[in-house]
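Here are my notes for you on this one, written as numbered points. Keep the picture open while you read, and find each residue as it comes up.

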Amino acid sequence: MTDRFVSNFTNRLDAKGRVSIPSSFRAVLAKDGYEGLYVHPALDLAAFDAGGHALRRTIDDILARFSPFSEEWESLSTALNGTSEVLKVDPEGRIMLSEALRAHTGISETVTFVGHGHKFQIWEPERFRAHLDAARAKLRDVKRALSASPPSPGGAG
């Protein structure tokens, strides 16, 4: 068993608007020991970040970089804490997606869960596919730029 969220899974909402968290993600959450599922809107994507104690620690670490009296701290805290929810996970490993979550993501019938190590994201499947295509295109550009760069002094090559 791993302690990281990896891979991606697409599950259908049931008639009551619940969706099952992938079993491998539930195992990571159980090991983490967080009660429920902490979620907040991704800062610049039509997705939600989700997780437990590891995600909360990351947010606390980010906020600790700023004075609690600064504009940056205020903005980040509002975005990461002020719009967050703790979703109840039922005994079958399902969550009920709130209207705010569904509106932000555009989710209607299916949900894609995407692992990001210490957290995972919740996406509308078509929006995730478009995001993945864009991410792959960016990585191809990065790879091209790196391969075109001369080797660093003292490096192999």
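1. Start with the inside. This is a predicted model, and its largest nonpolar core holds 20 residues, with Leu37, Phe120 and Ile122 touching the most other members. Elements giving two or more residues to this core are the helix α1 (23-32) and the strands β3 (37-41), β4 (48-51), β7 (110-115) and β8 (120-123). The top contributor is α1, with 3 residues. As background, nonpolar side chains in soluble globular proteins tend to be buried together.

2. Now click on Phe120. Leaving out residues up to four places away in sequence, Phe120 touches Phe5, Ile21, Phe25, Leu29, Leu37, Phe48, Asp49, Ala50, Gly51, Phe113, Val114 and Gly115. Notice that Leu37 is on that list, and Leu37 is also among the core residues that touch the most other members.

3. Next, have a look at α1. Which residues of α1 are buried? They are Phe25, Val28 and Leu29. Looking down the axis of α1, these buried residues fall within an arc of 100°, so they line one face of the helix. Here's the general idea behind that: an α-helix has 3.6 residues a turn, so residues three or four places apart point the same way. Over on the other side of α1, Ser23 and Ala30 are exposed.

4. What covers the buried residues of α1? The cover includes β1, β3, β4, β7 and β8. Just after α1 comes Gly33, with a positive phi of about 80°.

5. Ser7 deserves a quick check. It has a positive phi of about 80° although it is not a glycine. You'll find Ser7 in the segment before β1 (8-12). Is Ser7 buried, partly exposed or exposed? Its relative accessibility is 47%, so Ser7 counts as partly exposed.

6. Last stop: the largest pocket, with a volume of about 170 Å³. It is lined by 15 residues, and those closest to its centre are His40, Leu43, Asp49, Leu80 and Lys119. The helices α2 (53-64) and α3 (71-80) each supply at least two lining residues, and α2 has the largest share, with 4. By type, the lining splits into 8 nonpolar, 4 polar and 3 charged residues.

Notes:
Residues numbered from 1 in each chain as written. Predicted model: local features only at pLDDT ≥ 70, side-chain atom pairs only at ≥ 80, totals over all residues. Heavy atoms only, no water. 1 Å grid on protein atoms, 1.4 Å probe; cavity = no way out; pocket = protein on both sides within 12 Å on 5 of 7 lines; lining within 4 Å. Points joined across faces, edges and corners; volume = space filled by probe spheres on them. Nonpolar A, V, L, I, M, F, W, Y, C, P; charged D, E, K, R; others polar. Core = buried A, V, L, I, M, F, W, Y, C linked by side-chain atoms within 4.5 Å. Buried < 20%, exposed > 50% of the residue type's maximum accessible area, 1.4 Å probe, protein only. Contact = heavy atoms within 4.5 Å. Arc of directions from axis to C-beta.
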